[in-house]
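User: I am new to this structure and would like to know what the terms used for it rest on. Please set each value against its definition.

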Amino acid sequence: MPEPFLMRALLAGFGLAAVAAPLGCFVVWRRMAYFGEAVAQAALIGVALGLAFSLDLTASMLLVTLAVSGLLVVLGRQQAVPFDSLLGLLAHAALALGVIAASLVRGPQVDLMGFLFGDIFAINNADLRWIFLGGAVALAALVYIWRPLLSLAVHEDLAAAEGAATERTKLIFVIVLALVVAIAIKIVGALLTIAFLIMPAAAARPLAQTPEQMAIYAAVIGMVAVAAGLFMSLSFDTPGGPSIVLVLAALFAASIFPSVVRRR
Amino acid sequence: MRSPDGLEQPVQHGEQRVSACAHDHAGHVHEHMHDHHRAHPNAQREHNATALISARNLMLARGGRTILADIDIDISPREIVTVIGPNGAGKTTLVRALLGLEPVDQGSIRRKPGLVTGYAPQRFDVDRAIPLTVSRFVALGRRASPDELAHVLKDVGAGPLAERQLSELSGGELQRVVLARALVRTPDLLVLDEPVRGVDYAGEAELYTLIGRLRTERGFGVLLVSHDLHVVMAQSDRVICLNRHVCCSGVPQSVAQHPEYARLFGPQAARAFGLYHHQHDHRHDLAGEPRPPAHGHGPDTGV
């Protein structure tokens with residue numbers, strides 16, 4: 001029987017991978033990696049708010065990720081500045097604000113590194129509750145909107161002309177993304193959360209023939225990376241979150257390699 | 001925008017050209033005039049009650065430019081209506097407005113209650129990031145049984161493609177598959193926006209023949225967008241010649257002989273029509289789209 005902290009780390013990582021990887025497929029398909037990045041970095045503001053007002057940190061991060069997602073959706077309708085530039089701008093403004101705010105908050109010493117890169121070995125039972133309840137809600141919502149969301153990802157105008165509820169579907173997707181980002185930050189941190197979303201999906205792409213296969217393979221790849229990353233972390237005393245992300249990058253490289261070679 | 005001599009064009013030059021239309025009457029072609037030529041500019045034209053879709057007095061402006069003005073259009077059951085016009089005439093915008101994808105600034109659109117539309121958009125860029133088989137793509141149009149999917153793919157001549165990845169298809173194959181997705185919805189109205197872009201001439205004629213045959217078998221109405229009257233002629237019941245407003249409309253033969261058609265597409269196109277409408281000619285492939293040098297029809301607003 002492994003140590004309790006290791007059990008909690010594994011459970012947290014597996015639980016997160018089960019929902020983050022299928023969600024990450026849509027982030028890849030809908031080209032929303034930058035969107036997710038901006039939301040994740042803004043979550044640090046939630047950390048500062050939570051500390052300042054003694055709130056549950058995940059709850060206050062969720063509040064901020066939802067608010068920022070809403071703001072981004074509204075800003076996405078303007079056309080003066082290209083949306084990716086705007087996202088890059090906002091992501092880093094939010095990161096700066098979050099870091100400054102967190103360092104100004106009085107009270108217990110804030111482990112800023114833990115929020116930037118995650119601290120999977122410090123997961124407690126309350127965090128696990130967030131991951132499994134929040135993750136179950138997110139996964140259920142994702143399954144519920146799966147079909148219209150897939151149709152939107154393939155061709156938005158065609159989906160809309162066929163009567164898909166495009167606006168409602170996009171709204172639910174953004175809320176699910178905000179929720180998963182908020183619960184992921186404890187594990188992989190504000191800077192690596194988006195990697196944990198899109199890397200399993202990218203690694204699964206060359207192996208999959210259908211969208212559902214890609215989602216399931218991505219979840220499996222995510223879990224393998226969690227296990228291997230934790231093993232690496234314990235064996236070589238490397239930080240947990242970055243170790244998982246590094247394993248994901250290696251898995252992606254291995255998965256994409258044959259198709260790169262074939263192209264030549 | 002800039003004219004060839006580098007001078008700024010007046011913003012509403014498109015409208016000024018529009019008003020130059022409609023001087024000649026020929027046969028049973030209906031003339032549509034711009035508002036300030038109209039005897040009763042405010043007279044409300046009634047919607048066609050039996051039409052699948054009926055639009056009256058549509059106006060769309062984007063960024064201060066009028067893209068479409070004063071458009072009336074009806075598509076009846078079993079009718080194939082073709083919209084033709086040069087680049088930038090607003091054909092795609094009109095289709096998108098009728099489908100509810102583009103908000104209109106004026107006018108009204110009435111759809112038959114419960115109308116099911118099948119749509120094949122002009123541009124279909126396959127996203128390689130999404131693994132998707134052909135039959136799965138078609139099934140996104142409607143939850144159809146494997147038998148139904150196989151049947152509709154066979155109908156468009158794409159039966160053997162069912163299990164192929166969408167990203168592996170050629171342009172012509174993709175067109176057929178997109179058409180299959182529109183058909184699997186068992187539509188009352190099929191809307192096809194330049195369905196033959198990137199298809200060679202033989203494939204083009206073949207596709208239109210197929211659409212005509214399916215219309216006869218299934219009895220849906222068709223709204224077709226084309227920039228070339230010649231190939232659609234045999235299959236169209238009615239042609240609407242569009243250049244930001246309806247320049248002329250009627251049966252294909254009369255539109256082909258109409259001075260407005262000649263003005264929009266150049267006298268060469270009109271003459272070629274007389275010579276070649278019985279036997280198709282290679283000169284009208286997609287690359288050789290006739291464009292009148294005398295009328296700069298603005299940039300392609302095709303959204």
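User: Which residue in strand 3 of chain B does B:Ile53 stand opposite?

Analyst: B:Ile53 stands opposite B:Ile75 in strand 3 of chain B. This is a predicted model, in which local features need pLDDT of at least 70 and side-chain atom pairs count only at pLDDT 80 or more, while totals for chains, interfaces and linings use all residues. Residues are numbered from 1 along each chain as its sequence is written, and chains are lettered from A and ligands numbered from 1 in the order in which they are written.

User: What makes strand 2 and strand 3 of chain B a pair?

Analyst: Strands are DSSP runs of E with at least two residues, and helices are runs of H or I with at least four, numbered from the N terminus. Two strands pair if DSSP finds at least two bridges between them. Seven bridges join strand 2 (residues 53-62) to strand 3 of chain B, and the two run antiparallel. One of the bridge partners is B:Thr66 in strand 3 of chain B, for B:Ala61. The two strands form a hairpin with two residues between them, and B:Gly63 in the turn has a positive phi of about 55 degrees.

User: How many bridges join strand 2 of chain B to strand 5 of chain B?

Analyst: Five bridges join them, and they too run antiparallel. B:Ser54, for one, stands opposite B:Arg110 in strand 5 of chain B.

User: Why is one side of strand 3 and of strand 5 of chain B left without a neighbour in the sheet?

Analyst: The sheet is open and has three strands in the order 3-2-5 (chain B), with antiparallel pairing. Strand 3 (65-75) and strand 5 (106-111) of chain B stand at the edges, each with a single partner strand, so one side of each has no neighbour in the sheet. Neighbouring strands here are turned by 20 degrees against each other on average, direction ignored.

User: What lies across these strands?

Analyst: Helix 2 (residues 91-98) of chain B lies across strand 2, strand 3 and strand 5 of chain B, and runs at about 120 degrees to strand 2 of chain B. Axes are lines fitted to C-alpha atoms, for helices over the stretch in contact, and angles run from 0 to 180 degrees between N-to-C directions.

User: Why is B:Glu194 called buried?

Analyst: A residue is buried if 20 or more other C-beta atoms, placed from the backbone, lie within 10 Å of its own, exposed if 12 or fewer do, and partly exposed in between. B:Glu194 has 23 C-beta neighbours inside 10 Å, so B:Glu194 counts as buried. B:Glu194 sits in the loop between strand 7 (189-193) and helix 6 of chain B.

User: Why does B:Val225 count as buried?

Analyst: B:Val225 has 25 C-beta neighbours inside 10 Å, and therefore counts as buried. B:Val225 lies in strand 8 (residues 221-226) of chain B. Beyond neighbours within four places in sequence, the contacts of B:Val225 include B:Val83, B:Lys91 and B:Leu192. In chain B, buried residues make up 43% of the 303 residues.

User: How many residues of chain B are in contact with chain A?

Analyst: 17 residues of chain B are in contact with 19 residues of chain A. Strand 6 (117-120) and helix 3 (134-139) of chain B are the elements that give two or more residues to the side of chain B that touches chain A.

Key:
Two residues are in contact if their C-beta atoms, placed from the backbone, lie within 7 Å.
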